[in-house]
Structures are given as structure tokens and as C-alpha cells.
Amino acid sequence: MERYIIEGGRPLEGSVRIQGSKNTVLPVMAAALLQRGTVCLRRCPKIADVRCMVEILKSVGAGIRWRGDCLLMDCRHVHTGEIPGAYADKMRSSIFFLGSLLPRCGRIAVSYPGGCTIGKRPVDLHLAVLKAMGARIWEDSRGFCALADQLHGCRYRFPKISVGATENAVMAAATARGESFFSNCAREPEIVHLCRFLKLAGADIRGEGTTEIRVRGVRKLHPAEFTVPADRIVAGTYLFIGAAVRGKISLEDAPAGELEAVLDVYQKMGGQYEVKSGTLVTDSSRIGTPVPYVETAAYPGFPTDLQSPLAAVCATLAGKSRIREKIFEDRFRAAVEMQKMGAAIRRDGNVLEISGGRLRGAGVCAWDLRGGAALVAAGLAAEGRTEILHPEYIDRGYEQLEKNITLLGGKISRICGSINA
Ligand code: UD1
């Protein structure tokens, strides 16, 4: 079984270049199917979720090539809307094919999307907005099928804010007949980036980044080139890794403007930062103040994806911190694992109460992508050796994590073999 071995307690210092954004590139890869030429995605992160999307794209007939960090997607010969279960089961983002492959092929069959175990993660909003655009959708035991000769524009108010459902709606509306008006939309930067890609390909979209998005359907989209923006969650993860070990880390290309809520918490803990020609220069040497209360929320609030990494930092701070998770109901497994490292964490409903102190190395298990990254942060801060099982969860979203941590002066390695070896 693979695992990370971390020898903790070393100071980290240096620079990390922030990779392209996972949550931008995944919907953009699906959206590429709306056009019939070749899309070029520069600075595409080489992470497991991208590789899984690549397999899905190949299985429906797209030609995929890498040229350096540029992913070339030739979508001329896409011929089927059937997505093999083996891939869809692995990732939540297979749901994005609803908004792109359905308009492209007129039908789609996909099994229920898999992904990280952080809660129920239903897809009802995705289905509802597509139905409002004229899709006929039915479910069976394996997943769902959808049919639509031509989607039409609609007015739809999301009953709950959803990043993915907003993205699916915008994709589907881009080539639908007529105009669509969506309200109570999510405002995450990744939606703005997806819309920028769609506009480069000829879509007519207004209002992205606000709660109201208007899309005027165009007959067809054309090929486009797009540079994937930096990943705010990866930047936030390295920020909190630095905070956990009281290091000094410069985050090259970090999207500081998308990290306001995160930097606010960082500063309140005693972290210092400045932005110098596109680099977020951070200094965590004075971190020491616990976080009295923070809750996760839709953007521009504190991101749920950084809840576990923040909990790892709080576990190193003397005094009481409280974090309320308001987006996903079961995103606490990393906290349970951190208890094995001596973290004084108590869960009360959707609130984590953390009375920090010293962490010590232990054998722990990653259960989801960001929780896994949080355990890396905790392991680096802990005294002694930490073993993290299932690093493949972390591979889903982090490019060259071991290499980056090693360059910063941390001691981390990845090994295969029996747990008692
Ligand atoms: C996206 C991000 C993920 C992040 C999350 C919240 C991607 C690929 N993933 O996930 O990293 O943690 O936003 O910022 O961009 N919900 C429903 N019905 C639905 C859809 C969602 O009830 O049809 C609920 C979810 O269970 C959750 C909440 O809405 O409680 C928000 O989920 P959503 O914004 O859709 O998250 P994702 O798009 O899956």
C-alpha cells in the first residue's frame, strides 16, 4: 500500500510556483466538447483528476495530446454520449458532461459521479436546471440518461448555491436556443474563469461572478486557447502548510485577490504577507493566535476546501479555535485522523472545537483530497514520523507535492509496501 512518510518538525522556507487550477480546468475540459475543433489549455496541471477527465474524453472520441504543460484536445470526432462507469465512478466532475456532451450528442448516459467522501453530494440541481432547458432525464440504478435534440434557454433560480450546477447551466446555455437567465448562482472565481474560456470560444455570457448570469445562446462555439489560472486552493494549502510549521514561503503566481477571506484568517492568526510582483510572500514566524470562530461559506466566504488545512494549523496553536463547516456535512475525517496525532479536536455537529498544542507523528489515513493535504501540513508540523495512507487522494489535486515540500526543506517521501515494513 502506498503512503507518505513525513519526518516533521523542520522549518520550511523558499518558493513554490502555484499550479493551474483544478476546479477551473475540469469544467473547461468538459466545455471543450461544445466546439468541434482543437482546444489548447496552457499550464494544465498534471494531476490525477485531469488524467481521469482525459480518459473520459478519449472514450467519447476526443484526441488528446500533451505538449509540455499544454493539453491539446481535438474534439472533431466525438461520437458518443456514453461515459464508461469505470471513469465516472472515480470523480465528481464527470457530471460536467451533462452540460457539454448532451448539447453535443443529443444524448448522454453516465453513472452516478464518484469523488471524495465528504458528504452526500447530490446532483439534483444539475438535473433540474438541465430539465428546465428541455432535457428529458431519467435515472436508473447505475446512473442517469438524458436526451435533448436541442436545449432551449430558460429562467431558473437555483434553490441552493452550487458551483458545479452553475457551471453546468452556463455550459448548456452557451449553445442553447434563445436566452437563459440564472439567479442565485455561485460566484466562485472558477465560474468566472470557465466563462472566460467559453467567451474566448464565442459564447455570449454576462454577469459571471455575480449571482445573476445571463447567457444568450449562439449557434456554435469555435476552437480557443486558454491559460489555466493559478489554483487558489493549492495556494491556500501551501499558505497553511507554512502557517503550521511557522515557515516563510513565497507563493509564485498565487491569486491573492481570490484569497481575501483566507488571508484575513491567516493575518488574524499572526501571519504576515505582502504581494510583490505577482508573488505572495508569506511569513508565518509570528503565528500564535487561535481562531475564535470561522465558518465556511460560498465565495467570497472562507472556502470549505481549506477547512481541513486550517484545522491542521489550529491544532498547532495554543488556545481554543472553532471552525463551522457549512457546505458539506461530512468533511471532518481529517480532524479525526489528526486526533491520532495528539490534536485536541472535538466535533459538535458541524463545528470543530480545537484546543491546540503539540502534534506528534502517527499513522493516519487520507480520506479525501483536501483532508489528505491537511494531514501533510499536520505531519510536517508534528514531532517525529507521520505515515499517511492513501496518498492517491492527494494526487487528485496536487502536482509535485513531495518535490515542492522537499525544495522547501521538508522531509517527505512516498513509498510502496506493507504498513509494518
Ligand atoms: C465544487 C468544487 C469543490 C468545492 C465545492 C464548494 C469543483 C470541481 N469542485 O464542488 O472543490 O468544495 O465546489 O465550494 O469545482 N448540492 C446539492 N445538489 C446539487 C449540487 C450540490 O444539494 O445538485 C449541495 C452539495 O451537497 C453541497 C452544496 O450544494 O452541500 C455545494 O456544493 P457545490 O457547490 O455543488 O460543490 P461542487 O460543485 O460539487
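The model is predicted: local features need pLDDT of at least 70, side-chain atom pairs count only at pLDDT 80 or more, and totals for chains, interfaces and linings use all residues. Residues are numbered from 1 along each chain as its sequence is written, and side-chain values use heavy atoms, with hydrogens and water left out.

**Whole chain**

The protein chain contains 14 helices and 23 strands; these are DSSP runs numbered from the N terminus, with helices (H or I) of at least four residues and strands (E) of at least two. Its radius of gyration, 21 Å, is close to the 22 Å that the globule rule gives for 421 residues, so the chain is as compact as a globular protein of that length. The radius is taken over C-alpha atoms, and the rule is 2.2 Å times the number of residues to the power 0.38.

Of the 421 residues, 58% are buried, that is, under 20% relative accessible area with a 1.4 Å probe, counting protein chains only. Among contacts (heavy atoms within 4.5 Å) with a separation of 6 or more, 73% join residues 24 or more positions apart.

**Helix 5**

Helix 5 covers residues 124-132, and its buried residues are Leu-125, His-126, Leu-127, Val-129 and Leu-130. These buried residues pack against the elements listed below.

| Element | Residues |
|---|---|
| Helix 4 | 97-105 |
| Strand 7 | 136-139 |
| Strand 8 | 143-147 |
| Strand 9 | 155-157 |
| Helix 6 | 163-174 |
| Strand 10 | 179-183 |

After helix 5 comes Gly-134, with a positive phi near 100°.

Methods
Buried means under 20% relative accessible area, exposed over 50%, partly exposed in between (1.4 Å probe, protein chains only).
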